[in-house]
Amino acid sequence: MHFSNFTMITQRVSLSIAIIAMVNRTQQPGLFNTSTERPLAFTFNHSNRSIKEFNTAEVSVYEWSPETQGIIFSSINYGIILTLIPSGYLAGIFGAKQMLGAGLLISSLLTLFTPLTADFGVILVIVIRTVQGMAQGMAWTGQFTIWAKWAPPLERSKLTSIAGSGAAFGSFIILCVGGLISQALGWPFIFYIFGSIGCVCCLLWFTVIYDDPLHHPCISIREKEHIVSSLAQQSSSPRRSVPIKSMVRCLPLWAIFMGFFSHFWLCTIIITYLPTYISSVLHVNIRDSGVLSSLPFIAAASCTILGGQLADFLLSRNLLRLITVRKLFSSLGLLLPSLCAVALPFVASSYTTTIILLILIPGTSNLCDSGFIINTLDVAPRYASFLMGISRGFGLIAGIISSTATGFLISQDSVSGWRNVFFLAAAVNMFGLVFYLTFGQAEIQHWAKERTLTRL
């Protein structure tokens, strides 16, 4: 699961680092965004030109303005939204293994074809990214169907945080080596390499993953009995319908949804625009921009795992109630990154302080993984995959709005634009935090419990 998250995020973030080399930085913002290909001039008069420069000169440059880049970045979220809810529901009925594996395979193949589609225009790039988002939406939500059958209640924070840390680790790797790959081999190889890694991951997925512990041939009987007995109190009976009306009226669910919306707003900006921010504000080249952009995700992966361990420790020792743990980690994961984001515009002149704050934002933000991110497993384990699809849908809507708004704001004026971007993100985070603290719960809701019907 960790490897699948690693693969999907590298394929998603590949464009964020590659676009620095793909886009013609000398263009004027007012140009129309038709992704007109314009080959870089290459002359053979300079015999001492390095291989690195040769590879960079061969690739194409596209005239995509910040507004167009924002649309391209957000297009993958459109695709994910289209499949989140139906795939979450179907995964709960038919099993998550096939659906998640198929989504991962499709995403990997489309990643391999991304450089080719760029030559045919920006419209086709948007279409490919949208379809890729649909594939990743199938994969994201299927995970919680698996966790509902594999993760004992007192180990959920730890297991889901380890799996989720694959996304942070993947972001670190792609941003760290993406710039190096772009300079050494050319930006298309970013997509070729990580698309191929995804295909390898698919082979492993279909080989070693099973939908539930009862059908896994390799785990010990003791481990199987431990998992099954720990989940015995949860309903495992097949559901005939989803109580939509009860869900709509459930404020604890809306608290989770608002938490996702706030969390994804800032996270999408960081994941999508971090290389661009470092390149434009700190004025570094693509190689250094990629390396610096990768550093925050080491902190994110570490905080995700440590947060999960700490949350389960607090619960296993009965030091805090479940709802207290969820609200504590949600508060830390929304408040701390907001403070860092607000401070960023005021320390832009300090290279070191800027990097430190950029490292802290994703690191502290991932503490939410032990908060509202897994809260659906507490309040409605029977419908965890379906509700995770809806939750991520709210998060991706936030990602679409924040990506598009960021592209618009920084195209008007770079300095004031970035300031407004971070202030707005902090405000959204505070809204989500207050809503979750007010209405969040951790008890199984009445409509999510198994009912025994009697006939008169």
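Helices here are DSSP runs of H or I with at least four residues, numbered from the N terminus. With that settled, the model: it is predicted, so local features need pLDDT of at least 70 and side-chain atom pairs count only at pLDDT 80 or more, while totals for chains, interfaces and linings use all residues. Residues are numbered from 1 along each chain as its sequence is written, and side-chain values use heavy atoms, with hydrogens and water left out.

I start with Leu 116, which lies in helix 4. Leu 116 is partly exposed, at a relative accessible area of 46%; buried means under 20%, exposed over 50%, partly exposed in between, with a 1.4 Å probe and protein chains only.

Leu 116 is one of the residues of a nonpolar surface patch of about 890 Å², along with others including Leu 105, Phe 113, Phe 120 and Val 131. Patch residues have over 30% relative accessible area and no salt bridge, and nonpolar side chains (Val, Leu, Ile, Met, Phe, Trp, Tyr) are joined within 5 Å. A salt bridge is a side-chain nitrogen of Lys or Arg within 4 Å of a carboxyl oxygen of Asp or Glu. Areas are Shrake-Rupley values.

Which helix gives the most to the patch? Helix 4 does, with 5 residues. Helix 4 (96-118) and helix 5 (122-150) each supply at least two.

Now the cysteines. A disulfide is a pair of cysteine sulfur atoms within 2.5 Å, and the count is 0. The sulfur of Cys 199 has its closest cysteine sulfur in Cys 202, 6.1 Å away, too far for a bond. Cys 201 is also in no disulfide, with the sulfur of Cys 202 nearest at 6.1 Å. Cys 199 is partly exposed at 22% relative accessibility, whereas Cys 201 is buried at 3%.

Technical notes
Patch = residues over 30% accessible without salt bridge, like charges linked within 9 Å, V, L, I, M, F, W, Y side chains within 5 Å. Areas by Shrake-Rupley, 256 points an atom, 1.4 Å probe, with all protein chains shown as cover.
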